[in-house]
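Please open the structure in a viewer and keep the selection tool at hand. The stops below are to be taken in order.

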Amino acid sequence: LKFTSHQFRHTINTLADEGGLNELMQTSWFDRSNPRDTKYYQHTSPAAKALIYREKIKLGEVGGPIAEEYQMVKVEHRDAFLEARVQGVHYLGPGMCTHSFSQHPCPKHLECQSACGEYSWDKTDDASKDEVVRIYSLQVVQEVTASKKYSSKRPGEASQWLSQIQLKLETLGKQLLDFGIDPVALKVEVLESESVYG
């Protein structure tokens, strides 16, 4: 058999992907600067990713609406529920999407954290924790900005913007809790740092 070192990188990347190592960690481990480059080396099928993710849901390692619904389904119907709901998994950095794009376009238009029923996260993925903290902190700052705009003489579309931010904060807050971080304390911390620097 002829096997090049480049093919070996594809094999290792695929094995790491199938083993559940997230893209950010794979990118770092392979010393790449862009996570999109990592996707080129991954050859795990959507069906294989779905099987892995279904097992994680069964083990209670996933947070989000699908995992919550799974707990409410009768035990004898749980496998069928997962098979119907999780047919493919798309990694989004801080979470996962189980939307089947072959059926229809995304109804949320990539606003995944805005109370989407198909957005979930791996509670055991410590590498995503920092990204969730970063996104939550940005949304806290956005909420302050949107609130000021809403209270101004020319609020424009600020009410829609504010409600969108609040949906994201709610979802991200649940993720933070699953990572063992108090979202209220983090919000206070961000607001205090913003008042000092802003």
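Select tyrosine 119: at 2% relative accessibility, this residue counts as buried, a term that means under 20% relative accessible area, with exposed meaning over 50% and partly exposed in between (1.4 Å probe, protein chains only). The model is a predicted one, in which local features need pLDDT of at least 70 and side-chain atom pairs count only at pLDDT 80 or more, while totals for chains, interfaces and linings use all residues. Residues are numbered from 1 along each chain as its sequence is written, and side-chain values use heavy atoms, with hydrogens and water left out.

Rings of Phe, Tyr and Trp (its six-membered ring) pair if their centres lie within 6.5 Å; planes under 30 degrees apart count as stacked, over 60 as edge-to-face and the rest as tilted. The count by this rule is one aromatic pair. The ring centres of tyrosine 119 and tryptophan 121 are 5.9 Å apart and the planes stand at 50°, so the pair is tilted.

Now widen the selection to strand β4 (119-122). Helices (H or I, at least four residues) and strands (E, at least two) are DSSP runs, numbered from the N terminus. Both faces of β4 are covered: Tyr119 and Trp121 are buried on one side, Ser120 and Asp122 on the other.

Next, show the whole sheet. In what order do its four strands lie? The sheet is open, with the order β1-β4-β3-β2 and antiparallel pairing, where two strands pair if DSSP finds at least two bridges between them. The edge strands, β1 (62-63) and β2 (90-91), each pair on one side only.

Step across the sheet from β1:

- Two bridges join β1 and β4 in the antiparallel sense, and glycine 63 stands opposite tryptophan 121 in β4.
- β3 and β4 likewise pair antiparallel over two bridges; here methionine 96 stands opposite serine 120 in β4.
- β2 and β3 (residues 96-97) run antiparallel and are joined by two bridges, with histidine 90 opposite cysteine 97 in β3.

Turn to helix α7 (residues 126-151): at 1.5 Å a residue its 26 residues should span 38 Å, which agrees with the 38 Å between its end C-alpha atoms. The expected span is 1.5 Å times one less than the number of residues. Among the buried residues of α7 are Val132, Ile135, Tyr136 and Glu143.

Finally, select arginine 78, which lies over the face of tyrosine 70, at 4.9 Å from the ring centre. The criterion is NZ of Lys or CZ of Arg within 6 Å of the ring centre and within 35 degrees of the ring normal.

Note on methods: Contact means heavy atoms within 4.5 Å. Axes are lines fitted to C-alpha atoms, for helices over the stretch in contact, and angles run from 0 to 180 degrees between N-to-C directions.
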